[in-house]
Amino acid sequence: MLEKALMQKELSTLLGMPTFEIYQKLCWQIEADYDMEHIWNKGGSYWRYEYKYRRGGRTLCGLYLLI
C-alpha cells in the first residue's frame with residue numbers, strides 16, 4: 001500500500017486533463033453503484049500505481065496507471 005494516496009491535482013498532471021476526466025467519471029460511477037473501500041498500491045513490476053476497489057477482502061476492480 002502506498003504511504004499517501006495520490007491527490008486529484010497530481011493525477012490530473014500525470015494523466016492529462018482528457019484522460020483524467022474519463023478516469024474521474026469512471027470512479028464516480030463505481031462509487032455511486034458500489035459500497036467499496038478504495039486502496040492505492042504500487043502497481044508492481046509493470047505499472048506505477050494501482051487503485052483498487054475492495055470489499056470483504058475481494059477486489060471488484062483495479063485501475064492501473066503506467067506513467
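User: How much space lies in the largest pocket?

Analyst: As a general idea, rolling a probe the size of a water molecule over the atoms shows where empty space is left. In this predicted model, the largest pocket holds about 180 Å³ of space.

User: Which residues line the largest pocket, and which element gives the largest share?

Analyst: The lining consists of Leu6, Gln8, Leu11, Phe20, Tyr23, Gln24, Cys27, Trp28, Glu31, Trp40 and Tyr51. Helix H1 (8-15) and helix H2 (17-33) each contribute at least two residues, and H2 gives the largest share, with six residues.

User: How many bridges join strand E2 to E1, and how many join E2 to E3?

Analyst: Strand E1 (residues 37-42) pairs with E2 over six bridges, in the antiparallel sense. Strand E3 (residues 58-65) is also antiparallel to E2, and seven bridges join these two. Tyr49 of E2 illustrates both pairings: Lys42 stands opposite Tyr49, while the bridge partner of Tyr49 in E3 is Leu65.

User: What lies between the strands of each hairpin?

Analyst: The hairpin of E1 and E2 has six residues between its strands, and Gly44 there takes a positive phi near 85°. In the hairpin of E2 and E3, two residues lie between the strands, and Gly56 has a positive phi near 60°.

User: Is strand E2 mostly covered or mostly uncovered?

Analyst: Strand E2 (residues 49-55) is mostly covered, since six of its seven residues are buried.

User: Is Asp35 buried or exposed, and where is Asp35 found?

Analyst: The cut-off for exposed is over 50% relative accessible area. Asp35 has 62%, and therefore counts as exposed. Asp35 is found in the loop between H2 and E1. The C-alpha atoms of Asp35 and Arg54 are separated by 8.9 Å, the two residues being 19 apart along the chain.

User: How many disulfides does the structure hold?

Analyst: In general, a disulfide is a covalent bond between the sulfur atoms of two cysteines. The structure holds zero disulfides. For Cys27, the nearest cysteine sulfur is that of Cys61, 8.1 Å away.

Key. Residues numbered from 1 in each chain as written. Predicted model: local features only at pLDDT ≥ 70, side-chain atom pairs only at ≥ 80, totals over all residues. Heavy atoms only, no water. 1 Å grid on protein atoms, 1.4 Å probe; cavity = no way out; pocket = protein on both sides within 12 Å on 5 of 7 lines; lining within 4 Å. Points joined across faces, edges and corners; volume = space filled by probe spheres on them. Helix = DSSP H or I, 4+ residues; strand = E, 2+ residues; numbered from the N terminus. Buried < 20%, exposed > 50% of the residue type's maximum accessible area, 1.4 Å probe, protein only. Pairing = 2+ DSSP bridges. Disulfide = S-S within 2.5 Å.
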